[in-house]
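Subject: Structure for your files

Hello,

Please find the structure below. My notes on it follow.

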Amino acid sequence: MALNFPNIDPIIVSFGPFHVFGQTFEPALRWYGFMYLVGFIAAMWLLNRKADDSNGIWSREQVSDLLFYGFLGVVLGGRIGYVLFYHFDFFLADPLYLFKITEGGMSFHGGLIGVITGMLYITWKQKRNFFAVADMVAPVVPIGLGAGRIGNFINGELWGRVTDVPWAMVFPNGGPYPRHPSQLYQFALEGVALFLLLYWFSKTPRKTGAVSGMFLLGYGIFRVVVETVRQPDAQLGLYWGVMTMGQILSVPMILCGLYLLMRKQGKAS
């Protein structure tokens, strides 16, 4: 017994085709890209509200700069991280694979590094404390993460391991056997649960860096847990027979999160 996969068309609307210099182009608005837009708009709305309530500490123009470099970090870091972490062999064989975005592939951990890089630039440009900026940004991130996992589900990708649980699904590209809908697990944990956790945690004044630490710890634990039922990447498999690449990359997040939560330095904010 297995649930039916909804088979939603991953393309919302397509345009064209257009013929330019003998080449055919058919641009399209896809659900996966639309989910990135949803996350960006939600982050913009929430951060602008925070700016309005900051008593002049933040302006909407400064938030706009933060969003621009943060989104740039997500896109560039996500793509570079995916290529380096998951398909480095493709990159060695063809360095231009890095730019073949139509073939898909984004990495959360790469995107996180990209966002951190963007925040470092903003803290230098606006002369702010890095962890104060990170504490403001962290609670809005799970919205984009959750939306992205819905996009993965609609695409029928990143499915889970074979199982006989009643809610298992047969994915179009996942073979004939029912599998864990791990994208929905990640939506529930990385999106909904992490958002609620950070919303609750940030309601009380915390020392600088604590909210960032809770984000790193919460995401890291949730990712490690879900990876136990998510199908390992075929080209990588399990390291040492037990750990996926996603789990390996999440361990430093857990350790950094624990450090930020346990350190005594940092004034309450």
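Is leucine 158 buried, partly exposed or exposed? At 30% relative accessibility, leucine 158 counts as partly exposed (buried means under 20% relative accessible area, exposed over 50%, partly exposed in between, with a 1.4 Å probe and protein chains only). Leucine 158 sits in the loop between α6 and α7 and has a positive phi of about 55 degrees although it is not a glycine.

On conventions: this is a predicted model, in which local features need pLDDT of at least 70 and side-chain atom pairs count only at pLDDT 80 or more, while totals for chains, interfaces and linings use all residues. Residues are numbered from 1 along each chain as its sequence is written, and side-chain values use heavy atoms, with hydrogens and water left out. Helices (H or I, at least four residues) and strands (E, at least two) are DSSP runs, numbered from the N terminus.

Helix pair

The axes of α6 (residues 141-155) and α7 (residues 182-202) come within 8 Å and cross at roughly 170 degrees; axes are lines fitted to C-alpha atoms, for helices over the stretch in contact, with angles from 0 to 180 degrees between N-to-C directions. That makes α6 roughly antiparallel to α7 (an angle over 145 degrees). Residues in contact (heavy atoms within 4.5 Å) include Arg149, Asn152 and Phe153 in α6, and Gln183, Phe187 and Glu190 in α7.

Asparagine 152, in helix α6, is buried, with a relative accessible area of 5%. Not counting residues up to four places away in sequence, asparagine 152 touches Tyr32, Glu157, Leu158 and Gln183.

Rings

Rings of Phe, Tyr and Trp (its six-membered ring) pair if their centres lie within 6.5 Å; planes under 30 degrees apart count as stacked, over 60 as edge-to-face and the rest as tilted. By this rule there are 18 aromatic pairs. The rings of tyrosine 82 and tyrosine 86 have centres 5.9 Å apart and planes at 25 degrees, so the pair is stacked. Both tyrosines belong to helix α2 (residues 60-86), four residues apart, which separates them by about one helical turn. Tyrosine 82 is buried at 16% relative accessible area, and tyrosine 86 is buried at 7%. Elsewhere, ring pairs link Phe68, Tyr69, Tyr121 and Trp124 into a cluster.

The charged end of arginine 206 sits over the ring of tryptophan 200, 6.0 Å from its centre (NZ of Lys or CZ of Arg within 6 Å of the ring centre and within 35 degrees of the ring normal). Arginine 263 lies over the face of phenylalanine 131, at 5.2 Å from the ring centre.

Regards

Technical notes:
Angles under 35 degrees count as roughly parallel, over 145 as roughly antiparallel, 65 to 115 as roughly perpendicular and the rest as oblique.
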